[in-house]
Amino acid sequence: MLARVDRNRLEALLAELGQPSYRARQVLDARRAGAVSWPDVTALPKALRARLGGELSLWALQPEDAQESADGTIKWRMRGSDGVTVETVLIAHDRGRRTVCISSQAGCALGCRFCATGLAGPGRDLSADEIADQAEFAAAQAATRGARLGNVVFMGMGEPLQNLEAVLGGVRTLRSVDGLGLSGRRIAISTVGWVPGIRALAESGEPVRLAVSLHGSDDATRSELMPINTRWPIASLLAECRRYCDTTGRRVFIEYLLLDGVNDAPADARRLAELLRDGRFHVNLIEYNPTGTPYRASPGDARERFRAALAAAGIEASVRRSRGADVDAACGQLAGRSEPTLQLASSAK
Ligand code: SAH
Ligand code: SF4
């Protein structure tokens, strides 16, 4: 398996080859300018490209193909050198700003009933380079389209807190000046409720945002949807979230997926409000994206009733609209089975 380029590795290899060190900057600039593979690094002589390409990969995960949604959202399939594939999604909110949704594992062992990744089963952990490169690649692609990458969310495939060391390594790269120079506030880690990971994240001191996928206001409903709840039921999960707020001084974002007739009644909203009382929480209500499961999205009026019942109980909530659903690029639809509809632009061969 080839290591991927970084400043140190490039400079060491160039020195060994008797090449000037400015070649390292040219390679890193080409990555930022949207190069997909070594032939795109046109600032370098062909022979040098070939020589470097024999020793280092340009990206830790090789982007293979992309699907572009009618709303401008793009999903890439990224392949590891061992053949695993994961998906990375660049979400178009508005003309100039993008959010990238990145994967932390090539699959997921936790089996949430509504999630395509969970239905597809477990895969391996990604490395820190593989995690950071998804965001760096997406940032470069956003730039070639005149947009800026504003936020990174760990809401792709996998459970980030089960692979925390690599996730934190990726976060450090993204915050560094050689990476994207992003502020921690612009990076959100979403967890199924992996309780020991929440504690470890708080103790890591990384100033990122934490989002917790709750999706149920009583243990029976939540256990039905998310098997993890039998291990760490709601009370123990929220106790850990409160401790996270105390340790870090930051609030926690509660994700709540609205499923028709399952968890979207006003009584569910009132129970949820009661659970979150006295806490420093913000609720995001999420629309269900179809994944071939028996669940259905709550209709708009049920969503509005739910939001109003929360507000009446003193809990403000935002509604997160789905993006990219027509190419299965929305949350929970990532299963590594996309068919290419758009070839990546390669500026040179
Ligand atoms: N494993 C982590 C992060 C990846 S999933 C977690 O579970 O939080 C990212 C988000 O997508 C989670 O909130 C998850 O519950 C949600 N999700 C999964 N399937 C979905 C679907 N079909 N529609 C909408 N959201 C979904
Ligand atoms: Fe895994 Fe998150 Fe999907 Fe659950 S929702 S199966 S934890 S990726």
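Around ligand 1 there are 20 residues, of which the closest are G158, S190, S213, H215 and N289, where a residue is counted if one of its heavy atoms lies within 4 Å. This is a predicted model, in which local features need pLDDT of at least 70 and side-chain atom pairs count only at pLDDT 80 or more, while totals for chains, interfaces and linings use all residues. Residues are numbered from 1 along each chain as its sequence is written, chains are lettered from A and ligands numbered from 1 in the order written, and side-chain values use heavy atoms, with hydrogens and water left out.

As for polar contacts (pairs of N or O atoms within 3.5 Å), a polar side-chain atom of H215 sits 2.6 Å from an oxygen atom of ligand 1, and one of S190 is 2.7 Å from an oxygen atom of ligand 1. A polar backbone atom of F114, in turn, lies 3.0 Å from a nitrogen atom of the ligand 1 molecule. Taken alone, ligand 1 exposes 530 Å², and the protein buries 96% of that, by the Shrake-Rupley method with a 1.4 Å probe.

Which residues surround ligand 2? They are C108, L110, G111, C112, C115, G118, G158 and V192.

Finally, the axes of helix α1 (residues 7-16) and helix α3 (residues 46-55) come within 11 Å and cross at roughly 125 degrees, the axes being lines fitted to C-alpha atoms over the stretch in contact, with angles running from 0 to 180 degrees between N-to-C directions; helices here are DSSP runs of H or I with at least four residues. α1 and α3 are therefore oblique to each other, since angles under 35 degrees count as roughly parallel, over 145 as roughly antiparallel, 65 to 115 as roughly perpendicular and the rest as oblique.

Notes. A polar contact is a pair of N or O atoms within 3.5 Å; within protein, one must be able to donate a hydrogen and the other to accept it, and residues adjacent in sequence count only if both atoms are side-chain atoms. Helices (H or I, at least four residues) and strands (E, at least two) are DSSP runs, numbered from the N terminus.
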